[in-house]
Amino acid sequence: MAEFTDRYDAGRQLAALLASRGWSPDPRSGGTSAQEVTAGVGHEGMRLVVLGLPRGGVPVAEVVARHLVAPLDVIMVRKLGVPVHPELAMGAIGEGGLRVLDESIVRHFAVTPEQVEQVQRQEEQTLTRRAELFRAGRPPLDLGGSTAVLVDDGMATGATARVACQAARGLGAARVVLAVPVAARDTVEQIQADGAADEVIVVSTPRYFRAVGEHYGDFAAVDDDDVVGILQRS
């Protein structure tokens, strides 16, 4: 049985986990900050921003941002798919010219540097176009000195999440927290070990993980208009 009915159910379960670990709106801030007391570490007064990874992470992030009474934005990243298996990430790119490659996957599928560059050019065009569309001309939220909570609908290889974490730090976040409903157990362990995020919060890390969508009853694609609508509401 799927752990989550849909992305909004996943967001509710993720928000509930955050609440159980002490994440709650800071009443002194008027809804723009939060107090984090997880793992025995307090960050009282640090401004909180929730960032959804488009497109599938944005509905999940909407629920989390509502729970934390925090501003919501997107963090623009794009998966670099293996040419013969586009759904499998061999890396990812992010705002600010960031790129991460999984060299083991590149070697396994014998992807040439020219193929990597071709995929990257295509994805850079999509990233730029969608950033302009989603933000409707407004600048990204200021992350300077904030705790950035990065939310996606799940995490398989972690390539996209790693780039998102780097992008958030590059945009000034003082602390980066990665929060997802479901993830591959070994990926979570790797990200925790190498410090890509300061903290990783996951509802479910199944023993047998093949694909994010298998853990949702409804994993319908999120389109551009959905993301635009969510950001406008928020």
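Start with arginine 7. Arginine 7 lies over the face of phenylalanine 219, 4.2 Å from the ring centre. The criterion for a charge over a ring: NZ of Lys or CZ of Arg within 6 Å of the ring centre and within 35 degrees of the ring normal. A word on the source. This is a predicted model, where local features need pLDDT of at least 70, side-chain atom pairs count only at pLDDT 80 or more, and totals for chains, interfaces and linings use all residues. Residues are numbered from 1 along each chain as its sequence is written, and side-chain values use heavy atoms, leaving out hydrogens and water.

Now the rings. How many aromatic pairs does a search of the whole structure find? It finds 2. Rings of Phe, Tyr and Trp (its six-membered ring) pair with centres within 6.5 Å; planes under 30 degrees apart are stacked, over 60 edge-to-face, the rest tilted. Phenylalanine 4 and tyrosine 216 make a tilted pair, 5.3 Å centre to centre, with 40° between the planes. They sit 212 residues apart: phenylalanine 4 in the segment before helix 1 (7-20), tyrosine 216 in the loop between strand 10 and helix 7 (224-233). Helices (H or I, at least four residues) and strands (E, at least two) are DSSP runs, numbered from the N terminus.

Next, tyrosine 216 and phenylalanine 219. Their ring centres are 5.0 Å apart and their planes at 40°, so this pair is tilted. Phe4, Tyr216 and Phe219 form one aromatic cluster.

Buried or exposed? Buried means under 20% relative accessible area, exposed over 50%, partly exposed in between (1.4 Å probe, protein chains only). Phenylalanine 4 is buried at 1%. Tyrosine 216 is buried at 5%. Phenylalanine 219 is partly exposed at 33%.
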